[in-house]
Amino acid sequence: MTQMDQKPFIRLDGVKKVFNVGGSEFLAVQDVSLEIREGELVSIVGPSGCGKSTVLSILSDLNKATEGTIEIGNEHSPFTPGRDVGMVFQKALLLKWRTIIDNVLLPAEILGLPQKESRERAADLLDMVGLAKFADAYPQQLSGGMQQRASIARALVHDPRLILMDEPFGALDALTRERMNLELLRIWKESRKTILFVTHGIQEAVFLGSQVAVMTAGPARMAAHFDIELPEPRTLDVKTTEKFGAYTRDIYHLLGLN
Ligand SMILES: Nc1ncnc2c1ncn2[C@@H]1O[C@H](COP(=O)(O)OP(=O)(O)OP(=O)(O)O)[C@@H](O)[C@H]1O
């Protein structure tokens, strides 16, 4: 069986989440349908409150969907919830009393993975994210972008099959964010992980994703989906192409911004 014949790695169909808030029901998100192949980087873009983080929390098994189908993993790549997810948040959330390498090691420690192998892997990952020299530094000695690189290494240390990124570069200045976008593409290619990347940034979503799922608020739902066909490898020049402009224009339009 070839890779193309395999079932998608993630299949969401008609997913809906209703929260119970103080005895009344609150519809957080509905109509979430998405198929992701293993090793794909997919962006989800949408305004605040449209349910993006709720979708990630369902995929990471922190929240149960109220309705719909959620399938993760396939015969070739089985998926164990809890074990096979790495998360990156808007804040790096590094523990300030632990060195960078000890921060990276945290998920491996929690899962009880072998110490020596984990430390070697953490060192390799720090090398991959360009922080080899900072393994023994403390978080406060690193810039915001460097801290986020460390948190990406931490998300990879237990070799999970799926990386969920929730606005990971949202707190960085514009130039660092551009640089981190390029870094993420490199890390993704090297690590060959399946990545779901949540952002408010339409340009960022199109630049990074092979697909972009667009979510709208009021009511919160997954409203559209684009396959992004742009030249590979993606460099910043891509952003000046007509095709890139057309994708971003269509998404702005869908979100009612032009
Ligand atoms: N545990 C919860 N209990 C009740 N309501 C919740 C809970 N989690 C999320 N919500 C609500 O569900 C809606 C969707 O929230 P969510 O955080 O998924 O949106 P988002 O698109 O990620 O927003 P942002 O971009 O601002 O992070 C919001 O109105 C939020 O208040």
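## Basis

Local features in this predicted model need pLDDT of at least 70, side-chain atom pairs count only at pLDDT 80 or more, and totals for chains, interfaces and linings use all residues. Residues are numbered from 1 along each chain as its sequence is written.

## Domains

The protein is divided into domain 1 (1-84 + 161-169 + 195-258) and domain 2 (89-159); the bounds come from an automatic or database domain assignment. Taken over C-alpha atoms, the centres of domain 1 and domain 2 are 26 Å apart. Their contact takes 6 residues from domain 1 and 5 residues from domain 2, where two residues are in contact if their C-beta atoms, placed from the backbone, lie within 7 Å.

On the side of domain 1 that touches domain 2, there are 3 nonpolar, no polar and 3 charged residues. Here Ala, Val, Leu, Ile, Met, Phe, Trp, Tyr, Cys and Pro count as nonpolar, Asp, Glu, Lys and Arg as charged, and the others, Gly among them, as polar.

## Helix 5 and helix 6

Helices (H or I, at least four residues) and strands (E, at least two) are DSSP runs, numbered from the N terminus. The axes of helix 5 (residues 144-156) and helix 6 (residues 174-191) come within 11 Å and cross at roughly 20°. Helix 5 is therefore roughly parallel to helix 6, a term for angles under 35 degrees, with over 145 roughly antiparallel, 65 to 115 roughly perpendicular and the rest oblique. Axes are lines fitted to C-alpha atoms, for helices over the stretch in contact, and angles run from 0 to 180 degrees between N-to-C directions.

Helix 5 contributes Gly144, Gly145, Gln148, Arg149, Ile152 and Leu156 to the contact, and helix 6 contributes Thr176, Arg179, Met180, Glu183, Ile187 and Ser191. By class, this contact has 4 nonpolar, 5 polar and 3 charged residues.

## Ligand shell

The ligand is surrounded by 13 residues, the closest being Phe19, Ala28, Ser48, Ser53 and Thr54; a residue is near a molecule if its C-beta atom, placed from the backbone, lies within 6 Å of it. The shell has 6 nonpolar, 6 polar and 1 charged residues.

Strand 1 (10-21), strand 2 (24-36) and helix 1 (52-59) each supply at least two shell residues. Helix 1 gives the most, with 3 residues.

## Backbone features

Glu232 and Pro233 are joined by a cis peptide bond with omega about -10°. Pro233 is in the loop between strand 9 (221-227) and helix 8 (242-254).

Asp61, a residue other than glycine, has a positive phi near 75°. Asp61 lies in the loop between helix 1 and strand 4 (67-72).
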